[in-house]
Amino acid sequence: MHIVANINDLRAYYITEAYGVRRTVKAVDGLSIAIRQNEIYGIAGESGCGKSTLLKVLLGMLTPPLTIVGGSVTYNFEGEPVDMASLSQAELRAMRWKELSYVPQGSMHVLNPVRRIRDTFRDFIGAHVRAPRREIDERVRAYLVELGLPDKVLGSFPHQLSGGMRQRVTIALATILSPRLIVADEPTTALDVVVQRGVIQLLQEIRERAGNTMVVVTHDMGVHANLTDRVAVLYAGQLMEEADTPTIFAQPRHPYTQHLIRSLPKIDDRSERVSIPGRPPALDNPPGGCRFHPRCPYAMEVCKTEVPLIEQVGPNHRVACWLINEERMGRIAARLANAEPRPLATDTQLTPQRPSPGGARSAGGPEGAIR
Amino acid sequence: MTTSEALLKLEQLSRVFTVRRGLATSRFVAVDDVTLAIAADRPEILAVVGESGSGKTTLARMILGQVVPSAGHLHFKGRDMTRLSARERRIWFMKEVQPIFQDPFAAFSPLKKIESYLYETALNFGTATRATVDAHIDQALHTVGLSLKEIKGRYPNELSGGQMQRTAIARALTTNPSLLVADEPVSMLDASLRMAIVNSFRDLKQQQGVSVIYITHDLATAYYAADRIAVMLRGWVVELGPAEQVLGNPLHPYTQILKSSVPEPDPRMRWTEKVALARQELDEFSATGCKFATRCPFAMDVCSRVAPTNLVPDGRMVKCHLYDPAIPAAQKHRAGGAIPLTPVASTKAS
C-alpha cells in the first residue's frame, strides 16, 4: 500500500520564553501514523488534544513557538520521498494548494472579505499556474458546476454567502488544483446538519473524482462514522487508538474511544448519558503514565506511572492501553506457565513494539516501522 | 389554553427586516406567523431546531425582548410584553426570563473574575442580600454541578468551555427565573461536553421547575433533552409537537431530511442518497407557496403556488400540503409515496 504521508515519532512542542520563564507545551508527543493513498483518514479527540497542531506540522506551517523537537514528517507524493524538514519555505509554498492543501475551520475568516470570490480564485490559481485570466475563470466556473455549486457565487463577497455555501466555496478553493493530500480542520463544525451532510458528500465526491487523500480532523464521531476510512483517536498529544472506521465503532478497545462513541446521544434513544468528568490535561505539565488515567474509569496503579505501549490488537488496529497490555501479559504468562517456553520475539503479534525513531526514513518500509 | 395559564404565549408573531440596497428596499421575513405556547404549571424544555438562517435566533431575541415584533402578540405570564414599561422590563421581566448565549468566552469579559458576574446579577436583581449572596450563588452553581469554591477568583481562561457554559447557566439561575432562553448553548463545545450542559437543563426542569427554550441545530441533543420540538424553516414553524413524535416519526419532509442528516455514530448506517441543498437562500424566504417546495422530494403543483396552513393531523402541528385532507390523495401519491399518509385519515378524529 502506498503511503502518502508518514509521521514518525513526531514531537512538536510550543516553546515560549518570557521574562526568563520557559514553558513547553507538548502538543504532539511521540506520534506515529502513516496515511495511505486515496483514503480519508480521520483524527478524533476533544479540544486540546493536539489535533490542530498535528495538522500544522503536516502542512509545514512551523512558525515559532511551534517547534519540531523530534521525529519526522515524510511526504511521498511522486517519486522520491521528501522529508518536510528539508524543504525550504519557498519549496513548501510551491507545494501548498498544488500538492498539499488545507480546508480551514472558520470559513468566514479565511476568505478575504473585501475581494469577490472570483478574485480569490484568481489569486489562488495564478500563484501556481500561468494562464490567461479568461482561462482561469472558465476553469473555476467549470469546477464549481462540477461540484454542484451555483456559479453566481463568483461575483459575490464572502459576507453575502451563507455559512454552508462559504464552507463549500472554501473546499472548492482548496481542491481546484487537484492536490494529492487535503487536510481539513473541523470542516463541518458549526454547520447545521443538512449543510454538514452536503459538505461530507462534497468531500467524498472530490476524493472519488480526483483520487486524492484526505486527513479530516473533527471531534464529532458521527462525522467520522460517515466520512472516514480509518480513524485515529488522539488524547493529550498521543495516539490512543487507531483502526478502520467500522472496527473502531464496532469494537472500541480504549476507554477513551469507548467514551467518545458512547457519550453521544442518539435519536430514538433517550436513556441517560453522562460525560466523563474532567477535561484534557494542560499539555505543559501532562500527567505521568498514561495521560488519560486521571479520567479513566478503569485506571490501575500501573497506569499512573508507566506509559502504555502501542499494541497491535488486530489487523490495522492499534491501541495504547494497559488494559490491553495486561490482558496480553496475562495470556503470555499463562502460556508460558502451561506450554513449553518459546522465544517471544518470534511471535510478532504478541510483541509490544515501540515505534523507533528514524526507522521510517528508509523509503521501503514506513509501514513496517509502525507494525 | 387561555393567556392567563400560559407562561409564554406567542400569537402569530412575525418579524420583518427591511434590507436596503441602494435606493431599493426589500422585505425580509425572518420570523413568519409563529404561534406557540409554554404552559405555566408544567415546566418543559422546548427545543427549537432548524438550519442556520431559519429564524431561530430572531425568535429568541423577540422572546428576550431585544427585538420588537413586527406583528402578532407576545405574552409572558399573561402580560403583553410589547407594552411593558422600561422599568417593569428591567425589574420584573429580565428577572423572569434569562438568556444563555452561544459562546461563553465571548459572554464574559476575560479581564473580570467570573464570580463577579454572579454576584452582580444576584445583587442587582435583589434576589439575595449581601449576607445571603454567597449561599445563593453557591446553590445556583450546585445545580449545574459546580461550586463557588471551584470558580472563586478564577478568570475565564482558567476554565474549560463546558465549565464556562455551566457557569453561564448558574449566572442565569441567580435571579430565580421561570424561563431560560438558550441560543445554541452547546454548539461551541465538544460533543462529549454537550451532555453535561443538556443534562443540567433536564435537572433544572425537574428540580427547580424552570422551563427552557433550547435553540439548537443539534437534533440528537434536542431529542434527548426536549419535551417538545419546534422545527423552523425560513421563518416558519413547520412542525411542532412532542419530541418522540416529531423526531421519532417526522411528518414534514423537511423534518424527515433533517433527521436523516444527523450523522449516526455508526459506519454501517452511512447515507446512500444525496441531499439537495438550498441554492438561493433569499428566494426561499420570499417564496409565494411553501418555502420548502424547491427542495422538497414530494413537491406537488400546489406547493409552489399556495402556502400551506397549520394542520393538526395527530396531535402535532404540521405545515405541509401532504397532510391536507382537501388535497386529493391521488396527487400526493403521484408526488411520492414514501411519506406515511395515514395521519390524514385521523384528522377528523382530532
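Trainee: What should I know before reading residue names?
Mentor: Residues are numbered from 1 along each chain as its sequence is written, and chains are lettered from A and ligands numbered from 1 in the order in which they are written. As the model is predicted, local features need pLDDT of at least 70 and side-chain atom pairs count only at pLDDT 80 or more, while totals for chains, interfaces and linings use all residues; side-chain values use heavy atoms, leaving out hydrogens and water.

Trainee: In chain A, how many bridges join β1 to β2?
Mentor: 13, between β1 (residues 3-18) and β2 (residues 21-36), which run antiparallel. Helices (H or I, at least four residues) and strands (E, at least two) are DSSP runs numbered from the N terminus, and two strands pair if DSSP finds at least two bridges between them.

Trainee: Which residue stands opposite A:I15?
Mentor: A:T24, in β2(A).

Trainee: And the hairpin?
Mentor: Two residues lie between β1(A) and β2(A), and A:Y19 takes a positive phi near 50° there.

Trainee: What holds paired strands together?
Mentor: Strands of a sheet pair through backbone hydrogen bonds.

Trainee: Chain B now. What is the strand order in its open sheet?
Mentor: β2-β1-β4-β5, with antiparallel pairing. The edge strands, β2 (24-39) and β5 (79-80), each pair on one side only.

Trainee: Where does helix α1 of chain B pack?
Mentor: On the sheet: α1 (residues 56-63) touches β1, β2 and β4 of chain B, contact meaning heavy atoms within 4.5 Å. Its direction makes about 120° with that of β1(B); axes are lines fitted to C-alpha atoms, for helices over the stretch in contact, and angles run from 0 to 180 degrees between N-to-C directions.
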